[in-house]
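Welcome! Here is a short briefing to read alongside the model, grouped by topic.

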Amino acid sequence: MKAGAERETETLVDRVRAIRAAVGPEIALRIDVNGAWDLATAEERISAIARFGVEYVEQPLPAHELEQSAELRRRVRVPIALDESAESPG
């Protein structure tokens with residue numbers, strides 16, 4: 001699901017809760033943020049939705065924020081995917 005435009009964490013929590021309830025626990029749930037959050041917001045929101053069995057959160061921080069992305073990964077238990085941060089295949 002796309003995320004990132006929410007002004008409040010609770011709005012995201014409500015959406016993820018509703019989707020999880022609709023699809024059940026067997027469906028993989030992935031969140032794509034398109035780099036819309038800063039580190040503090042990402043930590044807060046990912047921690048808030050972790051209980052819904054999110055498989056991973058894609059590009060929560062801007063693509064150039066590699067060190068902050070690594071720090072975020074240390075702070076949250078949900079895996080982080082960085083597709084927009086990849087500049088070359090090798």
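Three strands form an open sheet in the order β1-β2-β3, with parallel pairing; strands pair if DSSP finds at least two bridges between them. Strands (E, at least two residues) and helices (H or I, at least four residues) are DSSP runs, numbered from the N terminus. This is a predicted model, in which local features need pLDDT of at least 70 and side-chain atom pairs count only at pLDDT 80 or more, while totals for chains, interfaces and linings use all residues. Residues are numbered from 1 along each chain as its sequence is written, and side-chain values use heavy atoms, with hydrogens and water left out.

- β1 and β2 run parallel and are joined by 4 bridges.
- Ile-31 has Val-57 in β2 as its bridge partner.

**The nonpolar core**
- A nonpolar core is a set of buried Ala, Val, Leu, Ile, Met, Phe, Trp, Tyr and Cys residues joined through side-chain atoms within 4.5 Å.
- Buried means under 20% relative accessible area, exposed over 50%, and partly exposed in between, with a 1.4 Å probe and protein chains only.
- The largest such core has 22 residues, and Ile-31, Ile-46, Ile-49 and Val-57 touch the most other members.
- Two or more residues of this core come from each of α1 (9–23), β1 (29–32), α2 (39–49) and β2 (54–58).
- With 5 residues, α2 gives the most to this core.
- Leaving aside residues up to four places away in sequence, Val-57 touches partners including Ile-31, Trp-37, Ile-46, Ile-49 and Ile-80; contact means heavy atoms within 4.5 Å.

**Two helices side by side**
- α1 and α2 pack at an angle of about 30 degrees, with their axes 9 Å apart.
- The two helices, α1 and α2, are therefore roughly parallel to each other, a label for angles under 35 degrees.
- Axes here are lines fitted to C-alpha atoms, for helices over the stretch in contact, and angles run from 0 to 180 degrees between N-to-C directions.
- Thr-9, Leu-12, Val-13 and Val-16 in α1 meet Glu-44, Arg-45, Ala-48 and Ile-49 in α2.

**A glycine in a loop**
- Gly-35 lies in the loop between β1 and α2.
- Its relative accessibility is 15%, so Gly-35 counts as buried.
- Gly-35 touches Gln-59, Pro-60, Leu-61 and Pro-62, not counting residues up to four places away in sequence.
- Gly-35 and Gly-4 are 31 residues apart along the chain, and 7.8 Å separates their C-alpha atoms.

Definitions and conventions
Angles under 35 degrees count as roughly parallel, over 145 as roughly antiparallel, 65 to 115 as roughly perpendicular and the rest as oblique.
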